[in-house]
Amino acid sequence: MPLPDASSSEVAQGDALDLESLEAAMAGVETAYYLIHSMAVGPDFEERDRRCASNFAEAAAHAGVRKIVYLGGLSNDEGELSSHFRSRLEVGELLRSTGVPVIEFRASVIIGSGSLSFELIRALVERLPAMVAPRWVQMPAQPIGIEDVLDYLVEALSLNASESRVYEIGGPEVVTYQEMMLEYARQRGLRRWIIPVPVLTPHLSSLWLGLVTPIYARVGRMLIESIRYASVVRRTEALADFSVRPHRFTEAVALAMRNEDREFAESRWSDSFGSSGTRPTNAIRRYGNRLVDSRSVHVECSAQAAFRPIREIGGARGWYGFDWLWNLRAAIDLVLGGVGKRRGRRHPDQLVVGDFLDWWRVERIEPDRLLLLAAEMKLPGRAWLQFEVQESDSGCTIRLTAIFDPVGVAGLAYWYLVYPLHQVIFRTMLDGIRRRVLACPGRKP
């Protein structure tokens, strides 16, 4: 089912810890979605979740909301629950406490960017060629793709519910965390070895995760406490009440990767990185598995003037600084069996999608706004170089962004090895583009 048209959406701001703000935000709302989780705030996250859910339920009742849709977690443990699952169940109970019907989805592992379990699997596989892993890697789960979860959430909008219902959702297969990691490795082209051992406690596991993954140790411990329990669908009402037929696990992983590529291709780094002033600014961030290094410079000129030297880059003109380093990298690429700089460019000042540009290829171009180059050199991963021009009343901000999708430890090592050179080369490149703009006639906005 397609998502509702966002063109007619209206944004209302509210704070789940502020009851009055929620009541104002829910005015005129018929269906409210509750997708809040506080686990990252620390040990008191249960109390924070409790307050948020209570406020949300009360505000929904006061505003006359007809239905709440809530996404929680699925656990098969019928005895002592982890603090994470205990909180997820309590949130569902609190949302139901004011009488507003609640459609509660209890999901197993969600496969997609932003899912804590998926990010854990990704980080472990990408960073560790061999893993000595505790027994939880053998725990069964029923992973479900994020697209399928979204389909369930959207269909719930039209579900006629006069009373609260609970649905367990997962994919068609039961797999272990070890099988999930090995399948992710297979699709990434990585060879990985996993050796389960019975000695790592949740505390030791969380400290270990804090060292080798982006997950904080305190969050890692709560996550490990949760995935020590099976997460398998036992109630199949969701398949009867909804038209969603979840993808197989292998398809869900492939879809997640393709979605990341699509979302990445649509990203505008000027929206993510602030820039101001006349000196270049830079920052490095991580988007999914991708590493992003971005910097900018401001020039008093028109967008057309700012984009001209970008459109003319490479080939005989070079890369506006440190051409000897670019030539050295090209020579290394040739030795490794790559294309080097032999191809040059097709035309001195015109580019179209598909054009080669030394060892790059034009993947996307928007006149006077954007140029995205995909690397075709030998690399332990995929790389892009993106130039953006953002026009304002005071001139233009020219942003240069390097993006790298590393494959395994070799890819990460390569990125951090060349990163110091980026600081010099890309800053010099931006300065060279700026000088080129200032030297050209007709540069005024």
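What follows is a quick tour, from the whole protein to a few of its residues. Please keep in mind that this is a predicted model. The protein has 445 residues, and 51% of them count as buried.

**The overall picture**

- The protein contains 14 helices and 17 strands.
- Its exposed surface comes to about 20800 Å², with carbon and sulfur atoms supplying 54% of that area.
- If you take the contacts between residues at least 6 apart in sequence, 72% of them join residues at least 24 apart.

**The cysteines**

- A search through the whole structure turns up 0 disulfides.
- Cys301 is in no disulfide: its nearest cysteine sulfur belongs to Cys396 and lies 4.4 Å away, whereas a disulfide needs the two sulfur atoms within 2.5 Å.
- Cys301 counts as buried because its relative accessible area is 0%, and the cut-off for buried is under 20%.
- Cys52 has a relative accessible area of 5%, so Cys52 is buried as well.

**A closer look at Ala306**

- You can find Ala306 in helix H12, which covers residues 303-311.
- Ala306 is buried, because its relative accessibility is 0%.
- Leaving aside residues up to four places away in sequence, Ala306 touches Cys301, Val389, Cys396, Ile398, Ile433 and Val437.

Notes: Residues are numbered from 1 along each chain as its sequence is written. This is a predicted model: local features need pLDDT of at least 70, side-chain atom pairs count only at pLDDT 80 or more; totals for chains, interfaces and linings use all residues. Side-chain values use heavy atoms; hydrogens and water are left out. Buried means under 20% relative accessible area, exposed over 50%, partly exposed in between (1.4 Å probe, protein chains only). Helices (H or I, at least four residues) and strands (E, at least two) are DSSP runs, numbered from the N terminus. Contact means heavy atoms within 4.5 Å. Accessible areas come from the Shrake-Rupley method with a 1.4 Å probe; for residues, only the protein chains shown count as cover.
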